[in-house]
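Reader: I'd like to learn how to read a model like this one. Can you take me through it feature by feature?

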Amino acid sequence: RVHGEFTHGSQELMGEVEAVGRAFDECQQRLAALTKEMHAKEQLNQKLLSEQLSAEMIKTNTKQEQAVLQRRGDRLQEIVDEQKKALAETQKNLATLTEDYKAKRLVWEQLEIAVEQYKRSERDAQNTLKDTKAAAERAETAVRETQAQLAAAQAELDERTTELRNAKEEIVVANRKLARTKSGASGGPDPATAELQDELRALRRAINCSICTSKPKNTVIKGCAHAFCRDCVDRNLSSRNRKCPSCGQKFSKDDVMTVYM
C-alpha cells in the first residue's frame, strides 16, 4: 500500500513537473516573440524619426529658397521701376528734340521762302540756309539716335518685366510645393518632395551663370540680352574673345551692363 501511494505521488509530481516545463517553454516562446516584436518596433521608430528629420530639413531648405526668390523678385521690381524712370526721361528728351526739330524745320522753310523773295541777297541767304540745314540734319540725327535708345530701353524693360513675372511665378510654385511638404511631413514622406527638390535644382541652374554654373547671373550683354556672371564676362573680354558664349554675337566693354537680381 505504501509503495502504491509513493508511486501514485511520484506520478503526480512528474505530471506537475512536466506541466511546469511546458509552461516554462511557453513563457520562453512568448518572451522571444515579444523581444522580436520590440526590436521591430524600435527599428520602425528609428525609421520614422529619420524620415521626420529629413522632412524637416526639406521644409527648412524650401523656406530659405523661397526667401531668396522673394528678395530677387523685389530687386527685379526695383530694376523695372528704374528702367521705367529712365524710359520716361528718354521720352521727355525725345519730345524736346522733336519740338526743336520742328522749330528748325520751320525756320528752314521760312528761309527758303526768303531766298525766293530776296534774290539780291542770295549768297547770304544760301549761307544761312546751309547752316540751318546742318542744324536740321543734326537734329534729325539726334532724333534717330534718341529713338534707337528708346527702342533699346523698351526692349530691356520688356525683358526685365518678363524676368520679374517668371520669378513671381516660380515663387508661387515654391509656395505650393512648400504647403504640400508641410502637409505630408507629419504622416510620413511626401512623394512630391523629390519633385520639389528637382525643381529647386532646376531653378538654381536657371539663376546661375551657364559658363561656370557656380555664380549668379549679374551681367547682361546689351546686344543680345544674354546674361552671365561678371567674372566670366571679364574673362571673355580680357582674352579678346569678344563674342557672346550663347549666340556668338560680337560685343565690346561698352555693351556690358550690370544687373542686380
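What follows is a walk from the overall fold to a few local features.

Author: Before we start, this is a predicted model, so to speak: local features need pLDDT of at least 70, side-chain atom pairs count only at pLDDT 80 or more, and totals for chains, interfaces and linings use all residues. Residues are numbered from 1 along each chain as its sequence is written, and side-chain values use heavy atoms, with hydrogens and water left out.

Reader: Fine. How many helices and strands does the protein chain have?

Author: Helices (H or I, at least four residues) and strands (E, at least two) are DSSP runs, numbered from the N terminus. Here the protein chain has four helices and three strands, in the order α-α-α-β-β-α-β along the sequence.

Reader: What share of the residues is buried?

Author: Buried means under 20% relative accessible area, exposed over 50%, and partly exposed in between (1.4 Å probe, protein chains only). Of the 261 residues in the protein chain, 24% are buried.

Reader: Which residues of helix H4 are buried?

Author: The general idea is that an α-helix has 3.6 residues a turn, so residues three or four places apart point the same way. In H4 (residues 230-238), the buried ones are Cys-232, Val-233, Asn-236 and Leu-237. They sit on the same side of H4, because they cover an arc of only 140 degrees around the axis (taking directions from the helix axis to the C-beta atoms).

Reader: And what do the buried residues of H4 pack against?

Author: Contact means heavy atoms within 4.5 Å. The partners are strand S1 (219-221), strand S2 (227-228) and strand S3 (256-258).

Reader: Which residues make up the largest nonpolar core?

Author: In soluble globular proteins, nonpolar side chains tend to be buried together. A nonpolar core is a set of buried Ala, Val, Leu, Ile, Met, Phe, Trp, Tyr and Cys residues joined through side-chain atoms within 4.5 Å. The largest one has eleven residues: Cys-209, Ile-221, Cys-224, Phe-228, Cys-229, Cys-232, Val-233, Leu-237, Cys-244, Phe-251 and Val-256. Its largest share, three residues, comes from H4. Take Val-256: leaving aside residues up to four places away in sequence, Val-256 touches Thr-219, Val-220, Lys-222, Arg-230, Val-233, Leu-237 and Phe-251.

Reader: What lines the largest cavity?

Author: On a 1 Å grid over the protein atoms alone, a cavity is a set of points where a 1.4 Å probe fits but cannot get out, and lining residues have an atom within 4 Å of a point. The lining here is Ile-211, Ile-221, Phe-228, Cys-232, Val-233, Asn-236, Pro-245 and Phe-251. H4 gives the largest share, three residues. The cavity's volume, the space filled by probe spheres set on the points, is about 30 Å³.

Reader: Last one: which residues have a positive phi although they are not a glycine?

Author: Most residues other than glycine have a negative phi, and most peptide bonds are trans. Thr-213 has a positive phi of about 60 degrees and lies in the loop between helix H3 (192-207) and S1. Thr-213 is exposed, with a relative accessible area of 55%. Ala-225, in the loop between S1 and S2, has a positive phi of about 70 degrees, and at 26% relative accessibility Ala-225 counts as partly exposed. Just after H4, Arg-240 also takes a positive phi, of about 65 degrees.

Definitions and conventions
1 Å grid on protein atoms, 1.4 Å probe; cavity = no way out; pocket = protein on both sides within 12 Å on 5 of 7 lines; lining within 4 Å.
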